[in-house]
Amino acid sequence: MLLGFGLYFIRSFAQILGENGQIPVMLAAWAPPVAAILLAMGLLLHREDG
């Protein structure tokens, strides 16, 4: 539940920054999905290693 809320917050934050022009639009669009994929891979690798 906390991971879902965190990803929602990151998506909203990136959207606001992209709309205001503080970060490039492509970065605002791709940062949340890439962060979700990397987080999932990190959790999976952590669980499989130990």
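The legends below describe close-up views of a predicted model.

**View 1. The chain as a whole, built from 2 helices and 0 strands.** The radius of gyration of the chain is 13 Å, well over the 10 Å that the globule rule gives for 50 residues, and the chain is therefore more spread out than a compact globule. Along its principal axes, the C-alpha trace spans about 45 × 20 × 10 Å. Of the 50 residues in the chain, 12% are buried, while the accessible surface of the chain comes to about 4400 Å², with 73% of that area belonging to carbon and sulfur atoms.

View 2. Phe13 has a relative accessible area of 45% and is partly exposed, a class that runs between the limits of 20% and 50%.

**View 3. A nonpolar patch on the surface, with Met41 as one of its members.** The patch is formed by Met26, Trp30, Val34, Ile37, Leu38 and Met41, which together have about 670 Å² of accessible area. Met41 is found in helix H2 (residues 25-49), and with a relative accessible area of 44% this residue is partly exposed.

How values were computed
Residues are numbered from 1 along each chain as its sequence is written. This is a predicted model: local features need pLDDT of at least 70, side-chain atom pairs count only at pLDDT 80 or more; totals for chains, interfaces and linings use all residues. Side-chain values use heavy atoms; hydrogens and water are left out. Buried means under 20% relative accessible area, exposed over 50%, partly exposed in between (1.4 Å probe, protein chains only). Patches are made of residues with over 30% relative accessible area and no salt bridge: like charges are joined within 9 Å, nonpolar side chains (Val, Leu, Ile, Met, Phe, Trp, Tyr) within 5 Å. Accessible areas come from the Shrake-Rupley method with a 1.4 Å probe; for residues, only the protein chains shown count as cover. A salt bridge is a side-chain nitrogen of Lys or Arg within 4 Å of a carboxyl oxygen of Asp or Glu. Helices (H or I, at least four residues) and strands (E, at least two) are DSSP runs, numbered from the N terminus. The radius of gyration is taken over C-alpha atoms; the globule rule is 2.2 Å times the number of residues to the power 0.38.
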